[in-house]
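Please consult the sequence and the model while reading.

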Amino acid sequence: MSKGKPGQPLKPEPAAPRPRPEGASLVRTLVSGFASLQLTVALLVLSLVMIFVATLDQVHLGVWGVQQKYFHSFFVMAKVAGTGFSLPVFPGGYLLGGALLLNLVTAHADRFRLTWRKSGIWLTHVGIILLLIGEGLSGLMQRDGQVRLDVGQTKRYVESFRESELAVADITNPGYDDVVAIPVARLAGQDVIQHPKLPFTIKPLAFFPNAVLRSRTQVANPPPSMATMGDGTDVIAEPAPVTYKPDEGNFPTGYVELAGPDGPLGTWLVSAMLDQPQTFTYQGRTWQLALRAQRDYLPFTLTLGKFTHDIYPGTDIPKNFASTIRLRSDDGRDDRSVLISMNNPLRYGGFAFYQAGFANNDHTSVLEAVRNPSWQIPYLSCALITLGLVLQFGINLFGFFRRRAGPASGASPAQRAPSSP
Amino acid sequence: MKKHVPLIALALGLLWVGATLLPRGNAGPFDLAGFGRLPVLSGGRIKPLDTIARTGLLMLQGRQRVMTPSGKEVTPEEWLLDVFFLPETADAYQVFRIDNPDVLSIFSLTRADGEGGVRFSYRQMQAGLDELDRQAHLAEPVENAERSAFQRAVVELRSHVEFYVRLKFGLEAPGIADLAAELSDAARMAALHASFETMDTFSSLRAVPPARASGDPAGWQSVGHSLLGAASPSGVDPHVLVYAALGKSWRDSQPDAFNSAVRSYRAELSANFPAAARRSNTEAFFNQAEPFITSLFLYVIAFLLAAISWLSWPGELGRAAFRVMGLAFLVATLGILVRMWLEGRPPVTNLYSSALFIGWGSVALCLVLEKLHRNAVASAAGSMIGFSTLVIAHHLSLSGDTLEMMRAVLDSNFWLSTHVVTVTTGYASTFLAGFLAIIYILRGVLTRSLDPRTADALARMVYGIVCFATLFSFVGTMLGGIWADQSWGRFWGWDPKENGALLIVIWNAVILHCRWGGLVRQRGMMALAVFGNVVTAWSWFGTNMLGVGLHSYGFTSAAFYGLITFVASQLAVIGLALVPLGSWRSFRGVKA
């Protein structure tokens, strides 16, 4: 990859700074620095260390926590013991990826000449540039969630795995619900929430990212509840540590006080652990209050017709999972039956739906839904890189055999060495 | 004589391979080999009873040999027959390996009570089985990665006991003295209804083939299930009666009755279930021939020949090493092909077969390298890797049947044959570069045999193999990303196994860039290549030890210490490489 002369790669001179015209500017020095091979190697080794440490940390943080801490960040932060401060201790994925990108692009602008002998390297590097861009875009744009469907059930939304919202719905009209969804982050704040569609304000009183609810009757000497209305009056919410385990979820829980112009209506407990929305009436209209997984609404509906779970005979080893789904678009153009099974997703409307799991004695199918507008970039970059590597190593190998076949007399082994690409 | 050495070595090797392929006769009057070929459905696939016996014994005690309390050695088939039909006798065989002293104290046993200090019988453990059950239940809620050595040992032993007890209910039930006699009378059959239910619940074998010949394994039934469906003696499935007759003749030591029952059943199977019978016969033959063990010993011989060739007779012994390695490779290839045919799958489906394939791929590359360079270096490296991977594979086979069924997400021959094979080839070649580098370093530092010509040849080999490894590990990793995008909805998820594969790609890229940029010379490249072994070993085994992620398909704690030892040894070699060139024995007085 350097400009080293072919035929001398095994014992080359240490990479000496190339002679520059006198009065080389600071820009020139910077460009050479960013384009240097030393930087490439340093960045690769740093990535190696970061990925290794992140893999180990996954035991504690889970895969999602690790992605946030290491890969989708500019710096890996660590808490200074005994204080609330965090300090950057290592470059994160965005920084390393960005630096590699810069390094590659400047190297090509500065050092590389497009020749046949280096065509493979060019292709490979263009592919890697695309791959880095694609991974960056995925990190920024990918949204994922799930659709849990009981047999016969229809849904038109994707539920987030991790984000929750407080849904306040006016259900007075039997034909539709009028929903105001408040991101859970607002509940963690202090500000009173006001919305033009709501005749009351919502004041967050307390919030726990994860909590366990217990019935008051099960606890000896229960403390007084903050909730004065709804289901929360019978329940104690105990804060719990946030979990990152892939098979466990968090149950965000909070207390909110609703107030109209004439004063407070009461305090409700809202929690993702409560299955049913809490209903109340205010000024002649019926309202529902629920803390639930954040929803992304789809321009189509999915209905689960059938779910099958095959096992190998005489074992409990799963052989296949498959969901037969009726897909209906709102514009009426699509109304068909599709089969989603392992290794066989449905791509529709910018989403991809995968068979992720099942529950409830095979009566519930869990689909994972992913929206990533950049999902095709890795395919393209893989094709480029594969082509590039095959081409480059093919050129090297061809050269090697040609030199072997040629008259070897007088040539030292070093001179017959495969050439540097 | 000297010039015939390669031919003689090859001929001796061929003779030995031929000997392993000869069908082995029965030592006694019973047709045990025929019995071992009878097919049953277990673990989701149809396999011969021979496989049940061998994999079962490997799992329980780490070896296939069984010693009776009287000191007589019995074959796996005889052991299985005793488990089925003479459970009282089988209970006294010391076939349960217990290494953990705390587990022994559950049964109030000491090492002195065990055969070889580690093997104990079911009867010896019987009084403590309830306590074992309790301890295992205490340990089970603890996540695998967080279990203590004791907890892991009790959970494992309990699963072994369960396997053994289920086997006892496979064809008959303990307590029924003579099933054949009971099945001749409707009233006596009715009285045994509860026993049949127990057999159906506990049996891990489905030994009764479907009434009509079909390729669907779901039609096979357990003996208990079949008996529950039979109201009267006339309704009993004839295959149940075959096994009842086998039981009676085994108990009563009537080899003629036993042999004729085996013979007629096998004839019927060949007529009605030709595919199952063919597979079963082939697998039993494969088990007996043990091609990977043959291959393992041939690799040892090839390595010795190659190493000695550096000291004397380089031409002759070098060629002999090449040929013996080629023979070992051929035997391993045949073994892998038979496994692929039996399974109907590409070569790599689990950790065990990845070990086989890594060895196979490395040796294939070495055969090419040796053909090009003819200095016995590639023969030495190839036979070393071939040997090591087969030893690793042998240890992995101790966890049970190695031809296991593929879980739903892995059930894709297309991706198994593209992604898995490519990425495993990447592992193989990265290891190969590392082992060649080890030879360079050890020969250079410790001996005078690394002349400049060999050194340059080795450098070219390592460079070429690193290029090859970069290509395959990269393409393999990317194909894995595409598979993940197809089945899990994301190209890249930073899962431990994905990260491990990426580390190999990055490390190979580091080696190439260091070399292209002149940041390292020969010695530095060798040190970097040895570190490639560490990275690859981590990716192959280390990531599985974390016990997290979608890919963690093979957790094994004994491997942890193996990995630590391996990493330490590689770091030691790298340390050796850092010794200044002037102090290398081969380069003393030579300007580097």
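How many helices and strands does the secondary structure of chain B come to? The count for chain B is 25 helices and 6 strands, where helices (H or I, at least four residues) and strands (E, at least two) are DSSP runs numbered from the N terminus. This is a predicted model, in which local features need pLDDT of at least 70, side-chain atom pairs count only at pLDDT 80 or more, and totals for chains, interfaces and linings use all residues. Residues are numbered from 1 along each chain as its sequence is written, while chains are lettered from A and ligands numbered from 1 in the order in which they are written.

**Chain B overall**
- The radius of gyration of chain B is 27 Å, close to the 25 Å that the globule rule gives for 592 residues, so chain B is as compact as a globular protein of that length; the radius is taken over C-alpha atoms, and the rule is 2.2 Å times the number of residues to the power 0.38.
- Along the principal axes, the C-alpha atoms of chain B fill a box of roughly 95 × 60 × 50 Å.
- Buried residues account for 52% of the 592 residues of chain B (buried: 20 or more other C-beta atoms within 10 Å of the residue's own, with C-beta atoms placed from the backbone).
- Of the contacts in chain B between residues at least 6 apart in sequence, 72% join residues at least 24 apart; a contact requires C-beta atoms, placed from the backbone, to lie within 7 Å.

**Domains of chain B**
- The domain assignment of chain B, whose bounds come from an automatic or database source, gives domain 1 (31–274), domain 2 (289–401) and domain 3 (411–592).
- The centres of domain 2 and domain 3 of chain B, taken over C-alpha atoms, are separated by 19 Å.
- In chain B, 25 residues of domain 2 are in contact with 24 residues of domain 3.
- On the domain 2 side of this contact, helix 19 (351–373) and helix 20 (377–396) of chain B each give two or more residues, and helix 19 of chain B has the largest share, with 10 residues.

**Chain A and its contact with chain B**
- Chain A has 6 helices and 17 strands, and 28% of its 421 residues are buried.
- 63 residues of chain A are in contact with 62 residues of chain B.
- Elements supplying at least two residues to this side of chain A include helix 4 (119–141), strand 13 (318–329) and helix 6 (377–405) of chain A.
- Helix 2 of chain A gives the most to that side, with 18 residues.

Terms used: Buried ≥ 20, exposed ≤ 12 C-beta atoms within 10 Å, placed from the backbone. Contact = placed C-beta atoms within 7 Å.
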